[in-house]
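This report describes the overall build of one protein chain and then the spaces and contacts found in it. Please look at the sequence and the structure first.

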Amino acid sequence: AGLVSAPVNSTAALGLLKEGLVHVAGTHLPSGAGGVREAAAQLPKDQVAVFEFATWEQGLAVRGGNPKRIRAVVHLARRGVRLANREQGSGSRQLLDAQLQAAGIAARRVRGYHDAPAAGHLAAAWRVYAGLADCCVATGSAARAFGLDFIALASECYRLVIRREHLELAGVQRLLDTVCQAALRRELATLCAYDTRQTGQRVA
């Protein structure tokens, strides 16, 4: 059988894992041990294994040349700046909310914050590329895919969370073997500019 993926955000992925609807959940929820702690909140720690996939930069993707001179989250409160937001539960939304809170900026001051959210990094970056928004929070690779400028905000670990009872399944073993291959790490590093030095390592 091949790999069947469900394109959902980090929180939803962990929820599907908890319900037993998937074998592997990918997460990049912010904080030092994001995937580990969030998985522990959904499932007992002794029931899950966590593997590093890659580390990426997440930040503000803006139009080429940055015509609105957006250089930090505080600039999202400027008049004339529209945000393409992500859905609740996504790592991008949680990063944005944390940065707004740290800056003392209420969400209602950010134009576009409460608009219909974009479902994914590429979808959010496309809205900026298409002129529907001036900025979004996305990965650096998503920004580059549409020729957008990128202002890094945080370095995040994307992790794979697996129920320990599923570790010996043939499909899961093939996935983990593939993740550990040098060819895949080189491709991720070259095409996406991800840091893959820890890829495949078990961290919990």
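Residues are sorted here by side chain: Ala, Val, Leu, Ile, Met, Phe, Trp, Tyr, Cys and Pro are nonpolar, Asp, Glu, Lys and Arg are charged, and the others, Gly among them, are polar. This is a predicted model, in which local features need pLDDT of at least 70 and side-chain atom pairs pLDDT 80 or more, while totals for chains, interfaces and linings use all residues. Residues are numbered from 1 along each chain as its sequence is written, and side-chain values use heavy atoms, with hydrogens and water left out.

The chain holds seven helices and five strands (DSSP runs numbered from the N terminus: H or I of at least four residues for helices, E of at least two for strands). Starting at the N terminus, their order is α-β-α-β-β-α-α-β-α-β-α-α. The radius of gyration is 18 Å, close to the 17 Å that the globule rule gives for 204 residues, so the chain is as compact as a globular protein of that length (taken over C-alpha atoms; the rule is 2.2 Å times the number of residues to the power 0.38).

Two kinds of space were searched for on a 1 Å grid over the protein atoms alone: a cavity, where a 1.4 Å probe fits but cannot get out, and a pocket, an open set with protein on both sides within 12 Å along at least five of seven lines; lining residues have an atom within 4 Å of a point. Grid points are joined across faces, edges and corners, and a volume is the space filled by probe spheres set on them.

| Space | Volume | Lining residues by class |
|---|---|---|
| Largest pocket | about 1,600 Å³ | 28 nonpolar, 15 polar, three charged |
| Largest cavity | about 30 Å³ | three nonpolar, one polar, three charged |

Of the 46 residues lining the largest pocket, Leu 3, Ser 5, Ala 6, Gly 26 and Tyr 158 lie nearest its centre. Helix α6 gives the most to this lining, with six residues.

The largest cavity is lined by Val 62, Arg 63, Asn 66, Pro 67, Lys 68, Ile 70 and Asp 134. Arg 63 and Asp 134 also form a salt bridge, at 3.2 Å from N to O (a side-chain nitrogen of Lys or Arg within 4 Å of a carboxyl oxygen of Asp or Glu). Arg 63 is in the loop between β2 and β3 (83-84) and Asp 134 in the loop between α4 and β4, so the pair ties together parts 71 residues apart in sequence. The structure has eight salt bridges.
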